[in-house]
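This report concerns the helices of one protein model and their surroundings.

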Amino acid sequence: MSSALLPVFNRIDLSFERGEGCWLFASDGRRYLDFGSGIAVSSLGHGHEALVAAITEQARRVIHVSNLYRIPQAEILAEKLVANSFADQVFFCNSGAEANEGLIKMVRRFHAENGHPERQRLICFHGAFHGRTLATLAATGNENYLKGFGPPADGFDHVAFNNMNEVRAAITPQTAGILVEPIQGESGVKPLSTGFLKALRQTCDEYGLLLALDEVQTGIGRTGKLFAYEWEGISPDVISLAKGLGGGVPIGAILVKSHVGQAMTPGTHGSTFGGNPLACAAGNVVLDIVTHPGFLERVERTGRILSEKLGALCQHYGAVFTLARGRGLIWGLKCVPPVAEVMKVARGYGLLCTAAGDNTLRLIPPLIVSEAECAIALDALEKTAQHFTLSSTES
């Protein structure tokens, strides 16, 4: 591998020449079923005809003009997101980290503009992952990620995931809001307990706090709803989006209610590339397809089938997989062998997955994955489990 690239990733020695639907074709001639989808990014799979046509056509016309001018593609995408969510306004950026960075600024700015500049602190949760910028690293709170980068940005208080007593105990006169992922992906695909989001909403209303959701991974249909907060029937104040929104073209977004958005005036925030014509052309296609009648119902149905099969896999091969957790098309299989070894063996059977914390194998296929392709993935996982079972017996 090239030494010209900064070695911040543990790259696998594998490169791809093309993709088609849920499949990737490697330069060595092998094909792989992609249950990693570029870490939940390739929402429409690879080579989607409508997406390719839209970005090709947009690239011919104009790729970038900057936010000095109107961008019709961004206006259309923002209106679609507003029409399909709790939000009144949208800000476009380039990534999940940038979306969360802007979200943090908006929460603080809201309170400053409403006479409480002392309210600068956000309650976050152990096990979270909100990005790699200095503020989002501090919001994440993982010491392994913070080490060596100086003092963490101030303003974040961490409590145990799914623990309302700790949430309420952490609230002070300086608290501005609560930031939470509906499903923690990075730390092992851990969903919030049923009712927890409702309790957070009630607590925010009680103390005058803003409820901010990180839907970078769970948004745009990943859980079987367009946004994961819909499962709880609550309405947040602000959310961040990215990953699946562009189907592989980099784009992030912050969705806000107007009482939060009105605190952001010209000059308070910005993004050079955010919401450019090319990225928004991609986002418009993805959103049109994901909100097309029947699409999300299909995601949910496929996810339920996957859930049942993964549960059965854990029951049958408990010495290899101990637990399946998730929703829709984001699942984690907690492993007994080191997850890196499980990934390697599964890859040998033609299945690409990603790793997550808590020794968990993360399964996040494109949203277009079929039941037949899920069956192929499950067959590869069963063979993987048999490999470790046999190895254990032989030793």
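Predicted model: local features only at pLDDT ≥ 70, side-chain atom pairs only at ≥ 80, totals over all residues.

Residues are numbered from 1 along each chain as its sequence is written, and side-chain values use heavy atoms, without hydrogens and water.

Helices are DSSP runs of H or I with at least four residues, strands runs of E with at least two, numbered from the N terminus. The expected span is 1.5 Å times one less than the number of residues.

| Helix | Residues | End-to-end C-alpha distance | Expected span |
|---|---|---|---|
| α8 | 196–207 | 17 Å | 16 Å |

In α3, Q73, A74, L77, A78 and L81 are buried (under 20% relative accessible area with a 1.4 Å probe, protein chains only; exposed is over 50%). These residues lie on the same side of α3, because they cover an arc of only 130° around the axis, taken from the directions from the helix axis to the C-beta atoms. E79 and A83 are exposed on the other side of α3. The buried residues of α3 pack against elements including α2 (49–61) and α10 (277–290), contact meaning heavy atoms within 4.5 Å.

The buried residues of α8 include F196, L200 and C204; among the elements covering the buried residues are β5 (121–125) and α7 (164–170). Just after α8, G208 takes a positive phi of about 70°.
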